[in-house]
Amino acid sequence: MQSGPAGPRPGPLMRKAAGFALPFSLSAEAMILIVVAIIVGYLAVVPLATLLISSFQSGFLMPSSEWTLANFQRFFSNSIFYQLLGTSVLYAMSTTVVATVLGVGLGWLYARSDMPAKKFAFIAVITPFIIPGVLYAIGWILLLSPRIGIVNAFSFGLTGHTLFDIYSMPGMILVEALHNAPLAFLMSISVFSSIDSSLEEAAYIAGFGPFGVFRRVTLRLAWPGILGAGLLIFIRVISSFEVAQLIGTPAHIFVFVSQIYAAIQSFPPKYGQASVIGDVLLVLCVLGLYFSNRLTRNRGKYATISGKNFKPVATPLGKWRWPCAGIFFLMFLITALSPFLAILWASVLPAYEVPSLDVLHRLTYVNYLNVFRYPDILQSVINSLIAALATAAITMVLTTFAAYITVKTKIRGRWLLDLLVFVPIAMPGIIIGIGILFWYLIAPLPFSLYGTLTLLIIAFVTTHIPYGMRYMTSGMIQIKDELEEAGLVAGAVWFTVFRKIYMPLLMPSLLAGFVYTIITVFREVSTAIFLYSPKSQLLSIAVYTLWENGAFPIAAAAGILTVLMVLALFGAIHLIAKRRGISLTI
């Protein structure tokens, strides 16, 4: 009797299933683990270590530099530190509360009610997320500036008083909260969709009304997800550059981020002070993660999904169905359409003016032509496209292998990879930016990366790895092991199994992470503000620079083109996914 084809030889690392050994050689798994762990560890740990070391140097980058605590002593003994701390925490906490309450409320209406027009509702809420932060801040300045704001101009003409001054702490909170509410909305949708409705039905039977059920059952079960959304928003806000610089600085409201920028931009640069502020920011974010884990340490009591099937039941809104849908229309009008139209108006004027009938004859499209005549703008468009696509591709490749190792294997040391992947989540983008800046100023490399597009891509990959891992881990968990086992039993090598089985099944998660990364790279300013040079300038940085130089109409035109580019990329990827039968959501 002739034996069948011999399968691959068992290695010392085996996974046992259904009476046979699934071979996957130790050397192959170990090689992937080592390569991915080294890359991720280098991206996350080296810049952070450089930042920490620089804060203990008397003259960072100076030949005579020595170890000292003087940077901490000078900063902590200055009353400015405590003013910055109070202002930064107040700003970040207030924004987090407003954004989370707004996003979670809208998320509940979308996921757990019978409200109509849900497709429009989803688009209405996430649209502000697509608009780059620098452009979003500019849009609100054009609406609510006491001097040039469209809303304030009409309000003053009608009542003799301006309606709202954007250059204030409430103005900063308003803009940042509206820009981050979509994150809480997206995260709360998945949370509310996973709550077993039978628990709420039991509360109704016990005599609780709709509000009591929501407060005592739904909200408590959703607490870990809500807290996670709030923590993510807090980290984003306390490290966000755009609103702090464009709205806070003119109002003389200074936070940690604006102080870091001022320290780096001063002459000579105050690297020690910037490092110490970065350390404080990092401590605040780590404390946030710690208290979040403490508050949700008994995660078992929040679990509602068991072996029994369940389907979330939509809460009937009765006569409030269409008014609730109207809330989403109002949100779209206020948070997305109004700032976008304000920017569009500024982009079609030779010099910015408040809307009036007399101005209509001066409308022009010349600013859109001047965008490409302006020095370095065309190169900024190319740089942004390259950075976005390269960052998305590298991030998703890294996190695909990392997710496979942490979810599908039992090899020792995978916990370390899992930890390294999520280290950047506690590091605000501006900390990663200055950490990478410091490292590549002192790194003993045979070539210089300072000011190159490659350095920006490295920084973006570092900041996006945790989010790519979130997409790929959730997709990897849903794939049963027997599919891989069947491929290996059929004689296929592991890479073939990975390419022909895992990759097609992971495509929705891959594309979702790819789109998310592209959108956020186009928005990015905080991480890139210290790393770019004229040759590696991005479109978001170009918009900020034009605005700072007083070229409002050209900045607005460049901003509109940025939004159109993001929408075009998203539309192209969505079309490709649709033709391949892939459902794409971010």
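Of the 156 residues in the largest nonpolar core, those touching the most other members are L142, I260 and F530. Such a core is a set of buried Ala, Val, Leu, Ile, Met, Phe, Trp, Tyr and Cys residues joined through side-chain atoms within 4.5 Å; buried means under 20% relative accessible area with a 1.4 Å probe, protein chains only. Helix α19 (residues 453-477) gives this core its largest share, 14 residues. A second, separate core has 21 residues, including L109, F185, I226 and A325. Leaving out residues up to four places away in sequence, F530 touches I260, Y261, I264, I430, I434 and L437, with contact meaning heavy atoms within 4.5 Å.

The model is predicted: local features need pLDDT of at least 70 and side-chain atom pairs pLDDT 80 or more, while totals for chains, interfaces and linings use all residues. Residues are numbered from 1 along each chain as its sequence is written, and side-chain values use heavy atoms, without hydrogens and water.

The whole structure holds zero disulfides, a disulfide being a pair of cysteine sulfur atoms within 2.5 Å. C285 counts as buried because its relative accessibility is 0%, and C324 counts as buried at 12%.

Key: Buried means under 20% relative accessible area, exposed over 50%, partly exposed in between (1.4 Å probe, protein chains only). Helices (H or I, at least four residues) and strands (E, at least two) are DSSP runs, numbered from the N terminus.
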